[in-house]
Structure formats: structure tokens, C-alpha cells
Amino acid sequence: MQKWKDFESKMTKYLQQMLRDYDVLIKQCGRADSTIPDIEITINSNSKKFYVEAKMPVSQTSQFVVEIKDNKFVYGSKNKFKANQCSDEIINILNKDFKLYSKVAQNGIIVPVPETIAFGWIVSNMRNKNVAFVISVDNDGNKKVFSLDQFNQFFNIKTIFRRKKSGSQNLPKIYYGDFKECLDLKFSKYKYNLNTNGKKLFLDLPLELNKNECYIDSNILPEGKRYFLSNKSNGKYEVKITSATNNPNIIFELSLKESVDFDMFSIQCLIEYINNNM
């Protein structure tokens with residue numbers, strides 16, 4: 001299982017255990033879709049729902065796409081949430097040095113965005129998804145819960161600008177033969193199975209691949225496209241084809257603060273919130 005999946009599952013089980021005496025329903029629902037929050041909590045007495053975001057000690061969050069129009073950067077037209085003052089200020093920083101940032105590649109560039117602006121965007125982005133709390137762990141692995149207002153007290157932040165391939169789709173049947181040839185070249189010494197379910201093609205492979213190993217190049221595919229093995233856990237992969245688009249993205253990288261009293265972050269804030277909203 002991928003680390004982030006295992007982490008989300010453990011955080012969900014922790015909340016279920018700690019809140020077992022409260023009249024709430026706790027469900028893991030984020031999975032691989034970053035536009036959907038990780039853990040949903042429903043207060044059964046009034047059906048009120050809110051969400052908890054699970055964040056590993058080193059992680060990313062709240063990215064948005066940037067486009068280039070008329071030799072300047074603009075907020076991406078296909079972003080799920082609208083631009084606001086924070087995203088506008090980040091775009092302005094990029095445009096002040098357009099020549100530098102327009103050459104950005106996949107390895108990325110650190111952008112000198114003030115922490116107040118970066119955290120402001122993250123908090124607004126999470127509130128748009130009805131996220132009220134974040135759950136993480138400290139340096140000793142102890143589980144910690146905190147409100148969005150405490151986000152900047154728990155995490156350091158870096159703002160990264162880099163190109164990122166966007167999206168993928170089911171593998172068209174016309175590429176099945178070529179994909180199998182590429183698969184034989186890359187994993188010839190392993191026994192694998194291919195099977196279909198509707199329009200989807202799945203691969204059973206006795207290997208736990210890292211993300212870089214999940215991409216497979218081909219001379220047959222259109223320029224910019226690659227085969228991609230989407231990890232479904234336990235050696236099962238869904239075969240996809242990547243998009244040729246390679247848009248620049250603003251991405252926020254998180255890491256734990258140092259010299260912080262992590263005891264101040266406890267599940268009590270979440271319990272109080274539930275009690276006040278019953």
C-alpha cells in the first residue's frame with residue numbers, strides 16, 4: 001500500500017476509536033482525489049457534515065494550475081476553486097520575474113512567497129472543501145489534531161513552481177498490443193497477468209513499484225504521452241495513458257516545525273467542536 005493511503009487509513013481508524021463514544025459517523029473518503037477531503041465526519045443528531053484532512057509530516061497540499069496568456073501568468077481556467085487575494089499575490093510574484101519562471105521545468109523552482117500568503121491560500125482552499133481540522137503526527141509518531149487556524153503553528157511551508165503532467169485516461173484498445181510489448185521489455189523476468197473490466201485494463205504484477213517505475217515510455221504513443229500504472233494496492237495496477245499537457249503548477253510543500261510544543265495539539269479541540277455543534 002502506498003504510504004499516504006496507509007497514513008489516511010490509520011488516521012481514520014484513530015478518529016473512529018477516539019470518538020467511539022460520540023454520536024458521529026466517521027468515513028474515509030479522499031483516496032487519490034485531491035479535490036475531495038480525506039475524512040468525513042457526520043454528526044448523526046443533525047446530519048451536519050465536516051471534514052478532517054490527513055497530512056503526513058512531509059507532504060504537499062492545495063496546488064493550483066497556472067497558465068500563460070499574452071506573455072504573462074494567469075490563474076488556471078480549469079482550477080476547481082476561484083482565485084482570491086492570496087492566489088492573485090502569488091501570480092503577481094511570478095509575473096515580476098516572468099522571464100525566469102516561464103522557463104520552469106519539472107524539477108521546479110522555489111518561489112519567495114510570504115508565509116502569510118501561502119498559508120492564507122491553503123486555509124481558504126481547505127475551507128472551500130468544508131475542512132475544519134487537520135490530523136497529522138509529530139516527530140515521535142504521536143497523532144495530533146488541530147484547527148485550520150493553527151496550520152501555520154504546526155507546519156513549515158515552501159512554495160514550489162514546477163511543471164506537472166495533468167490527468168490520465170483509460171488506455172484505448174488500439175494501444176493494448178504496444179503496451180504489452182513495452183511491458184515485456186520492462187518486466188520480462190516477472191510473471192504478470194492482464195485483464196479487463198469494461199473499458200479498463202488491469203495489470204497484476206508481483207512488485208511494489210515506486211512512482212517513477214509506474215511510467216512506461218513508448219515510441220508509438222503521441223508526443224508527450226506515456227503509459228502509467230496506477231497503483232491499486234497489493235500488486236494490482238490500472239493501466240492508463242497520461243495527458244500530453246504539461247502545465248506549470250504552484251505546489252505547497254509542508255514539513256514539521258522544529259522546537260514546537262506538540263502537546264498543544266490534541267483531539268480535544270475536535271471533541272469540543274462536535275459537542276458545540278450537536
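**Notebook: salt bridges and selected residues**

Asp-204 is partly exposed, with a relative accessible area of 27%. I record at the outset that the model is predicted.

**Entry: Asp-204 and its partner**

I looked up what the side chain of Asp-204 pairs with, and found a salt bridge to Lys-236 with an N to O distance of 3.7 Å. Asp-204 belongs to strand β12 (residues 200–204) and Lys-236 to strand β15 (residues 236–242), so this pair ties together parts that are 32 residues apart in sequence. I also checked the accessibility of Lys-236, which is 29% and counts as partly exposed.

**Entry: salt bridges in the model**

I asked how many salt bridges the model holds. The count comes to eleven. As background, I note that side chains of opposite charge can pair when their charged atoms come close.

I then looked at Lys-10, which forms a salt bridge with Asp-6; the closest N and O atoms are 3.4 Å apart. I located both residues in helix α1 (residues 3–18), where Lys-10 and Asp-6 are four residues apart, about one turn of the helix. Lys-10 is partly exposed at a relative accessible area of 47%, and Asp-6 is likewise classed as partly exposed, at 30%.

Next I examined Glu-40, which forms a salt bridge with Lys-49, their closest N and O atoms lying 3.8 Å apart.

**Entry: Ser-230**

I returned to the β14 region and placed Ser-230 in strand β14 (residues 227–231). The relative accessible area of Ser-230 is 16%, so I record this residue as buried, the cut-off being under 20%. Which residues does Ser-230 contact, leaving aside its neighbours within four places in sequence? I found Lys-236, Tyr-237, Glu-238 and Lys-240. Among them, Lys-236 is the residue that I had already recorded in the salt bridge with Asp-204.

**Entry: positive phi angles**

I looked up two residues for their backbone angles. Most residues other than glycine have a negative phi. Ser-233 is not a glycine, yet its phi is positive, at about 85°. I placed Ser-233 in the loop between β14 and β15. Is this loop residue, Ser-233, buried or exposed? Ser-233 is buried, with a relative accessible area of 18%.

Asp-70 also is a residue other than glycine with a positive phi, near 55°. I found Asp-70 in the loop between β4 (59–69) and β5 (72–75). I record Asp-70 as exposed because its relative accessibility is 75%, the cut-off being over 50%.

**Entry: Asn-277**

Finally I asked where Asn-277 lies. I located Asn-277 in the segment after α7 (268–276). I then checked the separation between the C-alpha atoms of Asn-277 and Val-260, which is 30 Å for residues that are 17 residues apart along the chain. What does Asn-277 touch, not counting residues up to four places away in sequence? I recorded Ile-43, Asn-46 and Lys-48 as the residues touched by Asn-277.

Conventions: Residues are numbered from 1 along each chain as its sequence is written. This is a predicted model: local features need pLDDT of at least 70, side-chain atom pairs count only at pLDDT 80 or more; totals for chains, interfaces and linings use all residues. Side-chain values use heavy atoms; hydrogens and water are left out. Helices (H or I, at least four residues) and strands (E, at least two) are DSSP runs, numbered from the N terminus. Buried means under 20% relative accessible area, exposed over 50%, partly exposed in between (1.4 Å probe, protein chains only). Contact means heavy atoms within 4.5 Å. A salt bridge is a side-chain nitrogen of Lys or Arg within 4 Å of a carboxyl oxygen of Asp or Glu.
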